[in-house]
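Here is a short tour in questions and answers. Look at the structure first, then read on.

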Amino acid sequence: MKALKWILLAEADPHIAELTTLALAPGELACEIRVVPDGQAALDCISHRGEFLANDWINPVFVLLDLKLPKVDGLEVLRQIKSDPLLKNIPVVIFSSSREPADLVRSYQLGVNAYVVKPVNFQQFNETVKQVGRFWVKINVPPLEILPDMTAMARDPSTTRRRDAC
């Protein structure tokens, strides 16, 4: 049985996390949204470590990542994801209130796939989150849908599937 698609949301503010989760409308996207409150939990979740060790799920469709996270900040989470051969193909979207040029430039230097500034207006916030979710879940075709799940390959190299030639 194929695991459900899921989105990792790393957001320290519980109110913003709730609004984001509601806007992503899991029923519409057919994805589970997993919310973590800090950067360390984001890294543990995506790498199947710590309290997430026993979880047997595929990589997320995308990561929605705030920059201002406790324990490990968003830029460091992004750096670690993009430097890990098993995780680097996972799309990461920075979702931050920061409009600082340094944050934007550094995010792209580290390999972010998109940088979205959180709108202050509720309706704009809601619509922005919906558009981001629709794009990464329904429109974008990531290499993870073409290649075998890299996490499964790392755990058990015998799971690699031969790709038939065209």
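Q: How many aromatic pairs does a search of the whole structure find?
A: This model is predicted. Rings pair if their centres lie within 6.5 Å. The search of the whole structure gives a count of three.

Q: Is phenylalanine 95 buried or exposed?
A: Its relative accessible area is 2%. Buried means under 20%. Phenylalanine 95 is therefore buried.

Q: What kind of pair do the rings of phenylalanine 95 and phenylalanine 125 form?
A: Their centres are 5.5 Å apart. Planes under 30 degrees apart count as stacked, and over 60 as edge-to-face. Here the planes are at 50 degrees, so the pair is tilted.

Q: Which helix holds phenylalanine 125, in the pair with phenylalanine 95?
A: The pair links distant parts of the chain, 30 residues apart. Phenylalanine 95 lies in strand E4 (residues 92–96). Phenylalanine 125 is buried, at 5% relative accessibility. Its helix, residues 122–139, is H6.

Q: What is the angle between the planes of phenylalanine 135 and tryptophan 136?
A: These two rings form an aromatic pair, 4.8 Å centre to centre. The pair is edge-to-face, and the cut-off for that is over 60 degrees. The angle between the planes is 85 degrees.

Q: Where does the charged end of arginine 34 sit?
A: It lies 4.5 Å from a ring centre. The charged end sits over the ring of tryptophan 6.

Methods: Residues numbered from 1 in each chain as written. Predicted model: local features only at pLDDT ≥ 70, side-chain atom pairs only at ≥ 80, totals over all residues. Heavy atoms only, no water. Phe/Tyr/Trp six-rings, centres within 6.5 Å; stacked < 30°, edge-to-face > 60°. Helix = DSSP H or I, 4+ residues; strand = E, 2+ residues; numbered from the N terminus. Buried < 20%, exposed > 50% of the residue type's maximum accessible area, 1.4 Å probe, protein only. Lys NZ or Arg CZ within 6 Å of the ring centre and 35° of its normal.
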